[in-house]
Amino acid sequence: MKEVASVCGAPAPLLSVRAIEKVFGSRDSVTHALAGVSFNVEAGEFVSIMGPSGSGKTTLLNCVSTIDKPTSGHILINGKDITGLSKRQLARFRREELGFIFQDSNLLDTLTGFENIALALTIKNAPSSTIGAQVQTIAANLGVAEVLKKYPNQMSGGQKQRVAAARAIVGDPSLILADEPTGALDSRSAAVMLETLEMMNQQMGATIMMVTHDSYAASFSNRVLFIKDGALFNEIRRGDMEREDFFARILEVVAFLGGEARHAA
């Protein structure tokens, strides 16, 4: 993964969210979807964002992903304030620095698995002579080499999500953003997908920020941030805990929040 700029010799956070607010509505009816949210994500972290429906977690993801712009505050990725970029700069930044995994894989139906993954390299103007080897390598690592010649409608849901994960990481982005990546999968496929994300983080050095309702999914991350009413409510770190113990801690906070406690196993 890419190196992060340092300040005074210490590594700067890869992602720094600073007091962002997002306000919807008119003067007579204002909704604060985000109310001064601040946190950092270090390079190599796997962070989950959880909270009840309507808590602001999707709005937060949209702001970090540059799909939406905060009303106030700043978001820095690799030291660059993305809230001040032009549309053209945003498009380039999104293409070069971010990888995306959606609940619905968002693969292009007219392209094979190979072509869907290769597209992420093509739009970055990668040398055509290197694309084939890069796609084959990432597909082998993520266990989807056997579907490279297949179209999305010939793949299972789990295979499509892992192809989407391959597409997200093949271009070596600074940050991978995952939006409910297991939401449309059965429990077995979800478990495989989560193991894939964990491997991408631990063995391939990917920095991942995942929004999820799923406590089991969140237990695969290193840290969980809980959002309530547009503000950070709590944070727990896995540290040396076994994943089962971390899962139990997550369930405790989710139950306190009154949110969903469903899981995939």
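Analyst: Helices are DSSP runs of H or I of at least four residues and strands are DSSP runs of E of at least two, both numbered from the N terminus. The model is predicted, so local features are taken only at pLDDT of at least 70 and side-chain atom pairs at pLDDT 80 or more, while totals for chains, interfaces and linings use all residues. Residues are numbered from 1 along each chain as its sequence is written, and side-chain values use heavy atoms, with hydrogens and water left out.

User: Where does D172 lie?

Analyst: The backbone of D172 has a positive phi of about 55°, although this residue is not a glycine. At 30% relative accessibility D172 counts as partly exposed, a class between buried (under 20% relative accessible area) and exposed (over 50%), with a 1.4 Å probe and protein chains only. D172 is found in the loop between α5 and β9.

User: As what does N106 count at 43% relative accessibility?

Analyst: N106 sits in the loop between β8 and α3, and its phi, near 60°, is a positive value in a residue other than glycine. With a relative accessibility of 43%, N106 counts as partly exposed.

User: Which residue in β9 does F100 stand opposite?

Analyst: Strand β8 (residues 98-101) pairs with strand β9 (residues 175-179) in the parallel sense, over four bridges. From β8, L98 and F100 point one way and G99 and I101 the other, and all are buried. In β9, the residue opposite F100 is L177.

User: And which residue in β11 stands opposite M50?

Analyst: Strand β5 (residues 46-50) and strand β11 (residues 223-228) run parallel and are joined by four bridges. Opposite M50, the residue in β11 is F226.

User: Which residues of α5 make the contact with α3?

Analyst: Contact means heavy atoms within 4.5 Å. On the α3 side, the contact is made by G113, N116, I117 and A120. On the α5 side, it is made by V163, A166 and R167.

User: Which elements do the buried residues of α3 pack against?

Analyst: The buried residues of α3 are G113, N116, I117, A118, A120 and L121. These buried residues pack against α4 (128-141) and α5.

User: Which residues of α6 make the contact with α5?

Analyst: Helix α5 and helix α6 (residues 187-202) pack at about 15°, with their axes 9 Å apart, and are therefore roughly parallel to each other. On the α5 side, the contact is made by G158, Q161, R162, A165 and I169. From α6 come S189, V192, M193, T196 and M200.

User: What angle does the direction of helix α1 make with that of β3?

Analyst: A further open sheet has four strands in the order β4-β3-β6-β7, with antiparallel pairing, and its edge strands are β4 (29-41) and β7 (80-81). Two bridges join strand β6 (residues 72-77) to β7, and in β7 the bridge partner of L76 is D81. Helix α1 (residues 57-64) packs on this sheet, touching β3 (15-26), β4 and β6, and its direction makes with that of β3 an angle of about 115°.

Notes. Pairing = 2+ DSSP bridges. Axes fitted to C-alpha atoms, helices over the stretch in contact; angles between N-to-C directions. Parallel < 35°, antiparallel > 145°, perpendicular 65-115°, else oblique.
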